[in-house]
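Please open the model in your viewer and keep the selection tool at hand. The tour moves from one stop to the next, saying at each what to select and what is there.

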Amino acid sequence: MRYNTNLADRVREYLAEKPNLEIEEKEMFNVLNFIVNYKTCVCISGEKLMLRFDPSRQEELYEKDGYESMLMKGKEYKGYCYINPDGFKDRKDFEFFLDLCLEYNKVSKSSKKRKTK
């Protein structure tokens with residue numbers, strides 16, 4: 001399933017409001033990846049948000065509406081999850097999830113080294 005383009009626009013618009021962000025978009029395997037300051041930040045997978053966040057906040061997110069664990073080889077992948085549309089219908093919830101990703105983005109490590117010019 002392709003990603004929801006309306007949801008992608010919501011994310012795009014929200015990120016554009018934030019100062020000092022280097023934003024790149026990459027489409028991979030029918031997922032739209034928003035790379036912020038050279039690091040994966042948030043993705044759109046079908047109708048869902050895919051979040052990258054501080055793994056120490058995993059327990060807190062279990063309680064949120066729309067939360068779905070991300071599984072890799074049958075095990076929960078810490079620091080990543082899906083949020084289905086029920087979890088971000090309200091703007092306040094949508095902003096909470098994106099801010100959670102942006103907060104972690106400041107301290108997370110990049111998976112790739114930047115090319116120097």
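Begin by selecting Ser108, which lies in the segment after helix α3; helices (H or I, at least four residues) and strands (E, at least two) are DSSP runs, numbered from the N terminus. This is a predicted model, in which local features need pLDDT of at least 70 and side-chain atom pairs count only at pLDDT 80 or more, while totals for chains, interfaces and linings use all residues. Residues are numbered from 1 along each chain as its sequence is written, and side-chain values use heavy atoms, with hydrogens and water left out.

Ser108 is buried, at a relative accessible area of 7%, where buried means under 20%, exposed over 50% and partly exposed in between (1.4 Å probe, protein chains only). Leaving aside residues up to four places away in sequence, Ser108 touches Lys39 and Arg52, contact being heavy atoms within 4.5 Å.

From Arg52, go to its bridge partner Tyr80 in β6. Strands β4 (residues 48-52) and β6 (residues 75-83) run antiparallel and are joined by four bridges; two strands pair if DSSP finds at least two bridges between them.

Next select strand β5 (residues 67-72), which pairs with β6 in the antiparallel sense over five bridges, and look for Glu68 opposite Tyr82 of β6. The hairpin of β5 and β6 has two residues between the strands, and there Lys73 takes a positive phi near 55 degrees.

Finish on α3 (residues 91-105), whose buried residues include Phe94, Phe97 and Leu98. The buried residues of α3 pack against several elements, among them α1 (5-16), β4 and β6.
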